[in-house]
Amino acid sequence: EVQLQASGGGLVQAGGSLRLSCAASGFDFAKYAIAWFRQAPGKGREAISLASGSNGNTYYDDSVKGRFTISRDNAKNMVYLQMNSLKPEDTAVYYCAASRLWTVDGSNYDHWGRGTQVTVSS
C-alpha cells in the first residue's frame, strides 16, 4: 500500500523553527521527486520545495528560499523540511507528495500524504 505521512507540524512563534518529516512506503521512493506543498486557509495548494529522487537537485519557492531546507534519506524513505525564521504567513497545512516528474504542478503528483498543520503566531 502506498503511503506518505507528514508529521512534525505544530504551533510556533514567529521567528521560530520546525522540522517536518515525511515517511514514505509502498513505492520505489528513490525514483520519485518529493515535494512539499502547503495550503493556507482560503488559498490554493502551492509547491514550496522539491527534492529530486537521487541526484541531489532541489527547488525552493521564493517565499521560502533561504529559510527552508529540504533533504531526503533514501535509505530510510524519508524526506524532511527544516523550516527556520517562520513567519505568520507560513501558516498552512503542509503536504508531502511524490512525482516521477520534476514539476511544481500538483496535478502531476502520483502520491499524496495527509497534511500536517503548521501555525505561526505573531
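Predicted model: local features only at pLDDT ≥ 70, side-chain atom pairs only at ≥ 80, totals over all residues.
**View 1. The disulfide between cysteine 22 and cysteine 96.** A search of the whole structure finds one disulfide. Its partners are cysteine 22 and cysteine 96, whose sulfur atoms are 2.1 Å apart. The link is right-handed, with 75° about the S-S bond. Cysteine 22 belongs to strand S3 (residues 18-25) and cysteine 96 to strand S9 (residues 92-99), so the bond ties together parts that lie 74 residues apart in sequence. Cysteine 22 counts as buried because its relative accessibility is 0%, under the limit of 20%. Cysteine 96 is likewise buried, at 0% relative accessibility.

**View 2. Asparagine 77 in the loop between strands S7 and S8.** Strand S7 covers residues 68-73 and strand S8 covers residues 78-83, and asparagine 77 lies in the loop between them. The phi angle of asparagine 77 is near 55°, a positive value in a residue other than glycine. With a relative accessibility of 25%, asparagine 77 counts as partly exposed, because that class lies between the 20% limit for buried residues and the 50% limit for exposed residues.

**View 3. Serine 85 in the loop between S8 and S9.** Serine 85 is placed in the loop that lies between S8 and S9. Its backbone has a positive phi, near 50°, in a residue other than glycine. The relative accessible area of serine 85 is 42%, and the residue is therefore partly exposed.

Conventions:
Residues numbered from 1 in each chain as written. Heavy atoms only, no water. Disulfide = S-S within 2.5 Å. Helix = DSSP H or I, 4+ residues; strand = E, 2+ residues; numbered from the N terminus. Buried < 20%, exposed > 50% of the residue type's maximum accessible area, 1.4 Å probe, protein only.
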